[in-house]
Amino acid sequence: MTVVSFPVLAQEAPAPVTPQAPSLFSEPAPITAATDFVNRFLESDSGNAKEGFYPKVGKMIAGAGWLSVGPGYRERFLNGRAVFDTFAQVSWRGYVRADASLEFPLLLNGKLAVGTETLWQDSKQVSYFGLGPDSREDLRSQYRLETTNVVGYARYRPEHWLALSGSFGWLDGPSVSSATGAFKRDYLDAQTTFPNDPAMIVTKAPQFLHAEVAITTDTRDHPGHPTRGSVYRAAAAAYSDRTLDAYSFRRYEIEGEQFIPLLSDRWIIALHAWGVASDTSAGHAVPFYMTPGLGGSNTLRGYASYRFHDRHLLLATVESRWPLFEHMDLAMFVDSGTVAARVRDLGFDKTGYGVGLRVHSHTSTTARFDVAHGGEGWRFMLRLNDPFRLSRLARWTAAIPFIP
């Protein structure tokens with residue numbers, strides 16, 4: 001998923017460390033030692049962003065592979081009033097991205113942050129099944145997408161739990177071509193299979209001006225491993241095609257998460273709901289790679305990443321967690337939702353369920369393993385982030401491809 005590498009400064013307020021919930025069983029020493037080692041070595045979501053050189057691990061877009069690594073460098077200057085951060089990564093499947101950002105997070109006594117970010121990414125094997133909720137699994141295809149995105153942004157936080165944010169940027173000609181790379185799988189070519197889908201084949205890649213405004217309330221105790229509180233977000237974005245005058249559109253999102261502790265924190269109920277709607281002027285269409293998508297490790301976990309795409313999206317998730325050990329939770333979940341060309345056709349037609357394990361510190365999820373079943377069989381997922389960690393709270397650049 002594309003995210004700013006210092007999430008607390010970008011969008012999330014730090015929270016005090018609260019006591020860990022009592023676990024059901026005594027934790028084996030190897031789990032404790034491994035968790036402590038990983039938390040010392042890697043970045044966490046606790047708000048203590050490292051300075052100097054650091055390893056950037058994980059958090060690339062769906063389909064990049066379970067592991068991505070690379071070097072990062074962060075420096076604070078002007079007495080901490082400015083933060084420069086840059087990193088580069090390559091993933092298990094050969095995806096590459098590079099990011100550089102400069103932020104001034106302490107304006108107006110710490111209530112206002114402004115910054116700029118430049119992101120380049122080369123996603124070499126993005127899956128695509130066609131548009132609509134009835135797209136066919138046997139027509140799974142892949143494409144390569146190269147993008148460059150430059151943005152400026154601002155966030156005003158009148159209260160620690162309330163943020164008003166906006167961004168304005170330039171998306172430079174997304175380039176669509178055939179999938180490539182050493183780990184390329186034997187799937188269909190998207191440009192051959194779906195040549196008529198919007199912006200699949202164009203004489204010149206469209207360039208976009210884009211802007212977004214959002215309001216967010218966040219009372220979670222720890223964004224990387226929440227056990228109580230909530231986050232609610234509403235956003236509106238506009239994309240203006242400056243090249244072909246054929247792919248301008250507007251996007252509206254509303255999203256919420258609620259974490260409910262029960263039985264003296266021994267049982268956590270996590271709820272997530274998300275809705276996305278797209279709107280175009282006459283004669284315009286939403287490019288296929290920017291249509292809302294469902295499927296994969298953070299949404300419909302019983303389906304493949306990017307399984308369903310269309311103009312509108314609806315999702316609901318319920319997850320139940322128990323602290324099996326001090327640093328490991330057992331989870332059970334149900335995901336339900338769909339995509340549609342018309343808002344009135346949205347519902348909960350696609351459903352999946354499963355179980356999983358969450359390895360974590362007090363404030364941050366280190367790894368998770370999920371086994372999920374949907375309408376097309378079983379899926380097994382290993383990821384380095386919490387499924388309820390919203391990348392939309394930590395990124396400023398345009399989501400391309402639209403990341404489920």
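**The largest pocket and strand 19**

Reply: Strand 19 contributes 7 residues to the lining of the largest pocket, the most of any element; strands here are DSSP runs of E of at least two residues, numbered from the N terminus. This is a predicted model, in which local features need pLDDT of at least 70, side-chain atom pairs count only at pLDDT 80 or more, and totals for chains, interfaces and linings use all residues. Residues are numbered from 1 along each chain as its sequence is written, and side-chain values use heavy atoms, without hydrogens and water.

The largest pocket holds about 760 Å³ of space. A pocket is an open set of points on a 1 Å grid over the protein atoms alone, where a 1.4 Å probe fits, with protein on both sides within 12 Å along at least five of seven lines; lining residues have an atom within 4 Å of a point. Of the 46 lining residues, Ala62, Gly63, Ser297, Ser305 and Arg383 are the closest to the centre of the pocket. Strand 5 (112–128) and strand 19 (377–383) each supply at least two lining residues.

Strand 19 also gives the most to a nonpolar patch, with 3 residues. This surface patch has about 970 Å² of accessible area together, and its members include Trp378, Phe380, Leu382 and Phe183. Such a patch joins nonpolar side chains (Val, Leu, Ile, Met, Phe, Trp, Tyr) within 5 Å, from residues with over 30% relative accessible area and no salt bridge; areas follow the Shrake-Rupley method with a 1.4 Å probe, and a salt bridge is a side-chain nitrogen of Lys or Arg within 4 Å of a carboxyl oxygen of Asp or Glu. Phe183 lies in the loop between strand 7 (162–178) and strand 8 (188–189).

Terms used:
Points joined across faces, edges and corners; volume = space filled by probe spheres on them. Helix = DSSP H or I, 4+ residues; strand = E, 2+ residues; numbered from the N terminus. Patch = residues over 30% accessible without salt bridge, like charges linked within 9 Å, V, L, I, M, F, W, Y side chains within 5 Å.
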